[in-house]
Amino acid sequence: MSKWTKSICWAGLLFALALLTIEPASAGSLAGEVTTTGGEPLSGVLVTVFDAAKRRKTTVYTAPDGSYAISTAYQGEVLVRVRAPLYEDVERAVSLPAEGLASQDFTLSAMVDPKALSDSLTASAHLTRLQWDDPELRDAFVSQCNYCHQVGNSLTRVPREESAWLDTVKRMEGYFATLTHGEADGIAGTLAQGFTAEPVAVVQTYPVSPELHHAKVEEWLVGDGMSFIHDAAVGFDDNLYGADEGHDVIWHLDRATGEISTFAEPDIDLPRGGVLSGIPFPIGVFTGKHGPHSLAQSSDGRFWITNALSSTLASFDPISREFKLYELGHTHLYPHTVRVDEHDIVWFTVVLSNEVIRFDPATQEFTVIRLPHNGFWRRLTDLLIPAVVKLASWFPEHNLATELSPHRWANLGRTIFNFPYGIDVNPVDGSIWYDKLYLNKIGRIDPQTLEVTEFDTPMKGPRRPRFDKHGTLWIPAFDDSALMRYEPVTGEFKTYQLPLLGPDEYEVPYALNIHPDTGDVWITSNMSDRWFRFVPATETFISYPSPTRVTWLRDWEFTSDGKACSSQSNLPSYAIEDWVPSFICVDAEGGNRDRKALLKEVAVE
């Protein structure tokens, strides 16, 4: 039986069990229109309905005529929020009937207060205030200060003295921001000058794609203000699983019932922070020892989880809810992104050790593939880092590792690291591909011989690549606000700049994935409270504004009914508008279906 046949059988069993236990959910529906105070219709407005507990919300976007229609899983007294750029939010309590359709129209007033308008703008707008005299210093800031959270949101742009900013930068170095002394000082000075209490005055253009009002977005709040749900995965049961790197747990969302559960990894004989206990992890978020980071499911239903802090690989059975740990050894530092090939072989990157590791669940054997060092200094760094981390662990949370690291005393910064990061499997020939984030390279591993070949990328910051079903590799260019397309057969690249809201803004696309049915590329953007869908056939981007401010999304995955799902994981989570992280699923045609169904219902009545 093939992997995919087994997967279908396994998913069918779970679905059958779900049908026996799930009761039909009551639904409430709402429709109306949104206009300006002058009576003009507003297109692309976000109409969000919160459940009574405000732990779940559903959003649609208004059509060009200002109309909207939304069907939710809630009924009774709910909160409705209507939001559009440059306009004041409107919130209203609405009673949704168990049957039938409630009607509500909304009028939005343009913002006139400069401070309120400034506060409503995205982080990308506030970042335009930073004046970088040295382009290389700006590059270091984008690469090293933007990968865990938004910069320029209401929490991070608080005015500080240069010394206070330098303390902040040093704290971020506790989570692998690899800066020289000069870069740290320069960034601190630029932030002190740029982030002031004065309102920012920029002009942003908010595109409303024709496809936008077809969409529907669902969010489920999960965890607490200290949770850091790094990656989310869609299981064979069509439910969501999230790896909380801060709390050593896996979160589970039953999408049909909305029930949220949590499963804790087994304890291990390590201090808080695991083998990286010498690092002062930021803002007190990391309370665990394992740091579950990325997860992927094999055909037997088990999830394979990279534990970044404990240097272990874990398996999790969602049926028995049992974990099993597989020790890598403490010289294999920060296992990162994991994928499973068609033979159920597990592959994952190890960022601080310049490795890709192959694990065979049948034999429980690891094969370490040591990647090219790319020069003397990087070879020396690969050799020294395990010893540096070990020595630093004798002085818990003192961040001795930063000062002992070659990136600091050699004054070479991030360029001294190879940093193998994302990884994926080519469905055409089974080859394994990874990227080297700071070296601007991608690499191919022959799955049989394990021979490694590396190639330069035309843009900087390749982060988490994915293959489409035809064997084309799509790569987010984190540092260059772009998308790269690579054809392994011809070796040709093609690049696409992401659409920006205003001059001098930038995006930091962290991850992407390709929809299995449409072939569209879903991309996180993370500095402008939105995400993108790229249509290869027309080479066009569709922009989706996020219902939640301070949006920071990681991996995209897809449900069997076509929804694109991810996790809200700004670090710290309490900076997100809802104060906690969430699971998020986007149905590109859900709003359109609601509109047609409700209009049909009204016509029948």
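Q: In which loop does Asn411 lie?
A: This is a predicted model: local features need pLDDT of at least 70, side-chain atom pairs count only at pLDDT 80 or more, and totals for chains, interfaces and linings use all residues. Numbering starts from 1 along each chain as its sequence is written, and side-chain values use heavy atoms, with hydrogens and water left out. Helices (H or I, at least four residues) and strands (E, at least two) are DSSP runs, numbered from the N terminus. Asn411 sits in the loop between helix 9 (406–409) and strand 22 (420–425).

Q: Is Asn411 buried or exposed?
A: Asn411 is not a glycine, yet its phi is positive, about 60°. Buried means under 20% relative accessible area, exposed over 50%, partly exposed in between (1.4 Å probe, protein chains only). Asn411 has 53% relative accessibility, so it counts as exposed.

Q: What relative accessibility does Leu450 have?
A: Leu450 lies in the loop between strand 24 (441–445) and strand 25 (452–456). Its phi is positive, about 65°, although Leu450 is not a glycine. Leu450 counts as partly exposed because its relative accessibility is 24%.

Q: Which side chain joins that of Thr122 in a polar contact?
A: Thr122 is found in the loop between helix 2 (114–120) and helix 3 (123–126). Its relative accessible area is 7%, so Thr122 is buried. A polar contact is a pair of N or O atoms within 3.5 Å; within protein, one must be able to donate a hydrogen and the other to accept it, and residues adjacent in sequence count only if both atoms are side-chain atoms. At 2.7 Å, the partner of Thr122 is Ser124.

Q: Which residues does Thr122 touch, not counting those up to four places away in sequence?
A: Contact means heavy atoms within 4.5 Å. The residues touched by Thr122 are Gln204, Leu501, Glu505, Met527, Ser528 and Asp529.

Q: Over how many bridges do strand 20 and strand 21 pair?
A: Five of the six residues of strand 20 (residues 355–360) are buried, so the rest of the structure largely encloses this strand. Two strands pair if DSSP finds at least two bridges between them. Strand 19 (residues 346–350) pairs with strand 20 in the antiparallel sense over five bridges. For strand 20 and strand 21 (residues 365–370), also antiparallel, the bridges number six.

Q: Which residue in strand 21 stands opposite Arg358?
A: Strand 20 and strand 21 form a hairpin with four residues between the strands, where Gln364 takes a positive phi near 60°. Opposite Arg358 stands Thr367.
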